[in-house]
Amino acid sequence: MKRRAEHEPAYVLHTYPYKETSLIVEALTRRYGRVAMLARGARRPRSAMRGVLLSFHPLRLSWSQSPELGNLIAAEWGGSLHPGAGALAGQALMCGFYLNELLMRLLPRDDPHEALFDVYTATLGQLAAEAELSSVLRGFEKRLLAELGYAPLLEHDAAGRPIDPERSYAYEPERGPVAANGAGQDALAVSGRTLLDLARDDYGRPETRDEARGLMRMLIAARLHGQELHTRTVLRELNDL
C-alpha cells in the first residue's frame with residue numbers, strides 16, 4: 001500500500017545515479033526517518049530538482065512511498081541552516097559527510113526519529129557556525145547511539161555504582177565501565193572524569209577530548225560489526241578529530 005508525504009522537512013544524505021537521467025536519493029526526514037526514493041529525470045539539465053537535491057541544506061520533499069522504493073514528486077528549499085552562518089566548508093564539510101555516513105550505516109530505513117532529526121539539524125548549524133569540531137562530533141555520536149537504543153553508561157558503572165572522577169575504568173562495549181582488574185579483552189581504559197565530562201558534554205579538558213574520541217570510536221565500531229567508515233579515515237588523515 002502506497003502512502004504519500006507532502007512538504008516533509010528533510011535532508012539529503014546520499015545520492016547515486018540510476019539509469020541515464022535519474023537518481024536514487026537517500027534522505028533523512030523528520031517524521032518518516034531515513035527514506036529511499038527515486039528522483040526521475042533529476043540529472044537532466046533542465047530538471048527542477050537538479051540544483052536542489054544537495055546535502056546539508058534543509059529541504060521540503062514530497063513523495064509517494066511503496067514498500068521498496070519511493071517516487072520523489074517534488075523538492076524545494078526549506079530555509080537556512082543557521083542565522084548568519086555560511087555553507088559547510090573545509091573540515092566542517094568533511095564532518096558533515098561523516099554524520100551522513102553514520103546515519104546511512106546505522107539508521108534503519110523507515111524508522112522515525114524526530115528527536116534525531118532535530119539533533120542533526122542543530123549539529124549542522126554548529127558546524128556551519130564554525131564551532132569546535134571534535135566536541136560537535138562527540139555530542140552527535142552520543143545522541144545517535146542513544147536514539148538507536150545503545151546509550152553509553154557514563155554516570156554509573158556496570159554494577160550501578162556512581163562514577164568516581166578520581167578512578168580509572170575499563171569500558172566494555174556491551175557492559176559499560178567496570179573495574180580495570182575485572183575487564184575483558186575488548187575493554188578501553190578511560191578515566192572517571194572523562195565519563196562525567198562526556199555525560200555533561202564538557203570537552204574543555206584535552207584529556208577528555210582524547211579519551212572521548214577513543215571511547216566513541218569503540219562504541220560505534222561495535223555497532224558497525226567490522227564495517228569501515230570511509231569519512232573517518234579521511235578525517236583522521238586531515239586532522240585526528
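This is a predicted model: local features need pLDDT of at least 70, side-chain atom pairs count only at pLDDT 80 or more; totals for chains, interfaces and linings use all residues.

Colleague: Which residues have the most contacts inside the largest nonpolar core?

Modeller: Leu103, Tyr120 and Leu127. That core has 45 residues. H1 gives the most, with eight residues.

Colleague: What is Leu103 in contact with, leaving aside its neighbours within four places in sequence?

Modeller: Leu13, Leu28, Arg34, Leu116, Tyr120, Phe140 and Leu144.

Colleague: How many residues are in the second core?

Modeller: The second core has 19 residues and is separate. Ala10, Met49, Leu53 and Trp63 are among them.

Colleague: Switching to H2. Which residues are buried there?

Modeller: Leu116, Phe117, Tyr120, Thr123, Leu124, Gly125, Leu127 and Ala128. Their cover includes S1, strand S2 (22-29), H1 and H3.

Colleague: How far apart are the end C-alpha atoms of H2?

Modeller: They are 21 Å apart. H2 has 15 residues, so at 1.5 Å a residue it should span 21 Å, and the two agree. Just after H2, Glu130 takes a positive phi of about 65 degrees.

Colleague: And at what angle do the axes of H4 and H5 cross?

Modeller: Roughly 80 degrees, and the axes come within 9 Å. So H4 is roughly perpendicular to H5.

Colleague: Which residues of H4 make the contact?

Modeller: Thr194, Leu195, Asp197 and Leu198. H5 brings Glu207, Thr208, Glu211, Ala212, Leu215 and Met216. By class, the contact of H4 with H5 has five nonpolar, two polar and three charged residues.

Methods. Residues are numbered from 1 along each chain as its sequence is written. Side-chain values use heavy atoms; hydrogens and water are left out. A nonpolar core is a set of buried Ala, Val, Leu, Ile, Met, Phe, Trp, Tyr and Cys residues joined through side-chain atoms within 4.5 Å. Buried means under 20% relative accessible area, exposed over 50%, partly exposed in between (1.4 Å probe, protein chains only). Helices (H or I, at least four residues) and strands (E, at least two) are DSSP runs, numbered from the N terminus. Contact means heavy atoms within 4.5 Å. The expected span of a helix is 1.5 Å times one less than its number of residues. Axes are lines fitted to C-alpha atoms, for helices over the stretch in contact, and angles run from 0 to 180 degrees between N-to-C directions. Angles under 35 degrees count as roughly parallel, over 145 as roughly antiparallel, 65 to 115 as roughly perpendicular and the rest as oblique. Ala, Val, Leu, Ile, Met, Phe, Trp, Tyr, Cys and Pro count as nonpolar, Asp, Glu, Lys and Arg as charged, and the others, Gly among them, as polar.
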